[in-house]
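This short report looks at one residue and its surroundings, and then at a pocket. Please keep the model in view while reading.

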Amino acid sequence: MADEHDFSSGTSGASETYPMQCSALRKGGHVVIKGRPCKIVEMSTSKTGKHGHAKVHMVALDIFTGKKLEDICPSTHNQSVPNVSRKEYEVIDIDEEGFFNLIDNDTGECREDLKIGDHCQVQERDEVIKMKDKAEKEGNVLMALVLKAMKEECVKELNSKKPTN
């Protein structure tokens, strides 16, 4: 009898990463180092040595923790590049436990699964409340920039903006 396959838990086909030749990576771009999605802040390439390959030295910051990571790879080899998405949500509220109440102004969908943490520019719930109150007094709304990569998400920045209505 043929092997049976279970396709019920399939994904959309979108990969968390894609390969890119090391020599094609650029400062300001993204790369996976030690399994973490990072933004490249420094790059240098050594000359071809007697073993044949120029080496690329990368210094990058983890996009979620800000931790500095380094890697060296031959310029002709592939590195994994994370698929990083950025999405803005309007901040409706923040609960006592520090979870944001966000709304997607394009779709009207709400979410309450992101929390203030080490990755956000704002560290305190009271700070978010003050920013939201200030934005409202100025006739603006508080927007949260959410970064997503490799099954991780976080509110990275908060900014006051004029409403789009």
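A polar contact is a pair of N or O atoms within 3.5 Å; within protein, one must be able to donate a hydrogen and the other to accept it, and residues adjacent in sequence count only if both atoms are side-chain atoms. The model is predicted, so local features need pLDDT of at least 70, side-chain atom pairs count only at pLDDT 80 or more, and totals for chains, interfaces and linings use all residues. Residues are numbered from 1 along each chain as its sequence is written, and side-chain values use heavy atoms, with hydrogens and water left out.

N140 lies in the loop between α1 (125-137) and β10 (141-149). With a relative accessible area of 12%, N140 is buried (under 20%; exposed is over 50% and partly exposed in between, for a 1.4 Å probe and protein chains only).

| Side-chain pair | Polar contact |
|---|---|
| N140 and S160 | 3.1 Å |
| N140 and K162 | 3.4 Å |

Leaving aside residues up to four places away in sequence, N140 touches A135, S160, K161, K162 and P163; contact means heavy atoms within 4.5 Å.

Elsewhere, the charged end of K87 sits over the ring of Y89, 6.0 Å from the ring centre. This label requires NZ of Lys or CZ of Arg within 6 Å of the ring centre and within 35 degrees of the ring normal.

The residues H30, D62 and R86 are among those that line the largest pocket.

Terms used:
Helix = DSSP H or I, 4+ residues; strand = E, 2+ residues; numbered from the N terminus. 1 Å grid on protein atoms, 1.4 Å probe; cavity = no way out; pocket = protein on both sides within 12 Å on 5 of 7 lines; lining within 4 Å.
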